[in-house]
Every structure is written in C-alpha cells, then in structure tokens.
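Here is a short briefing to read alongside the structure.

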Amino acid sequence: MMNDFDEERSRRPGWLHHLAEQAEAHVEKANRLIRAIGDAGRPARLTILGPAISQEDYSPESGRPDSSLFVHVVLDVPRGIGIVRWDMDVHYELSQTPGALERDAPGLFVPFAECPVDLRARCFPHLAGLLLELRKRAG
C-alpha cells in the first residue's frame, strides 16, 4: 500500500507533462504574436525578463560545488518565449546595475522548445504577465 507521499510523487511526472503541454499550446500562440510584433518593428528588439523560475546546481564535474545557476523565464522580441541561465555570481553582479540583466539576456536566450519539461512547466504561470508587459511596452 502506498503512503500519501509515494502516491503524490508518482503523480508528479504526469502533472509536469500536463503543465508543459499547456504551456506549449500557449507559447506557440504567444510566439506568433511576438514575431508579428517584431516583424512590424514595434519594437524590433525587446527583452522582458520574467521572474526566476529555478535554481540549478552545477554538475559535480564542473568543479563549482558552491555555485548554482539562476533560471529566468524571458520574452524576447522577435524570438519569443524562452529562458536564460546565469551563474549566481554573474546574476548578482548584473543585478546591481539597473537594466543589466535585460541587456545580457539576449545572448543567453534558450528557446522554449529546447527547454526541459520541468522548466517548460514552470514557465506556464508567467506567460500572461510577460504578455501584459509586452502590451505595455509595445504600445
């Protein structure tokens, strides 16, 4: 007989895939809109940094046991929704200068479709907020 913890853990992969599939459907529509905005040149380039959605440890082989990567969801015109990863020390340094994270993000952009399932699922709750911010900034 499974206890509550085991039962909950056995359902988690299904929920992750469900959330990731929902996110994929919404991101596909959002990316079409984002590309159309970019094609229309209003604005041609824009990066909107969403919240941190994950903190990942480096692999043991990296030799960085005391560091980690911060992962943010990002909206990039014209590329669409994706993520960016920063080393925690770099993230801290950039965060000390207003706008520096947004300026650095395009060079680290990973398209949504190339993200692992757990990160795609974690993007889902932030899609509406990113699109609302795009609406404000794009006029």
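This is a predicted model, and the chain averages a pLDDT of 87, with 91% of the residues scoring at least 70.

**Where to read with care**
- Over residues 5-10 the pLDDT falls below 50, and this stretch has two contacts in the model beyond near neighbours in sequence.
- Where pLDDT is low, predicted coordinates should not be read in detail.

**The sheet**
- An open sheet is built from four strands in the order E1-E2-E3-E4, with antiparallel pairing.
- Strand E1 (46-57) and strand E4 sit at the edges, each pairing on one side only.
- Strands E2 (residues 68-77) and E3 (residues 80-87) run antiparallel and are joined by eight bridges.
- Aspartate 76 stands opposite glycine 80 in E3.

**Helices on the sheet**
- Helix H2 (residues 88-95) packs on the sheet, where it touches E2 and E3, and its direction makes about 105 degrees with that of E3.
- Helix H5 (residues 127-138) lies across E1, E2 and E3 and runs at about 155 degrees to E1.

**The cysteines**
- How many disulfides does the structure hold? There are zero.
- The closest cysteine sulfur to that of cysteine 115 belongs to cysteine 123 and is 5.7 Å away, so the two are too far apart for a bond; a disulfide needs the sulfur atoms within 2.5 Å.
- Cysteine 115 counts as buried because its relative accessibility is 3%.
- Cysteine 123 is buried too, with a relative accessible area of 0%.

Terms used: Residues are numbered from 1 along each chain as its sequence is written. This is a predicted model: local features need pLDDT of at least 70, side-chain atom pairs count only at pLDDT 80 or more; totals for chains, interfaces and linings use all residues. Side-chain values use heavy atoms; hydrogens and water are left out. Buried means under 20% relative accessible area, exposed over 50%, partly exposed in between (1.4 Å probe, protein chains only). pLDDT is the predictor's confidence in each residue, from 0 to 100. Contact means heavy atoms within 4.5 Å. Two strands pair if DSSP finds at least two bridges between them. Helices (H or I, at least four residues) and strands (E, at least two) are DSSP runs, numbered from the N terminus. Axes are lines fitted to C-alpha atoms, for helices over the stretch in contact, and angles run from 0 to 180 degrees between N-to-C directions.
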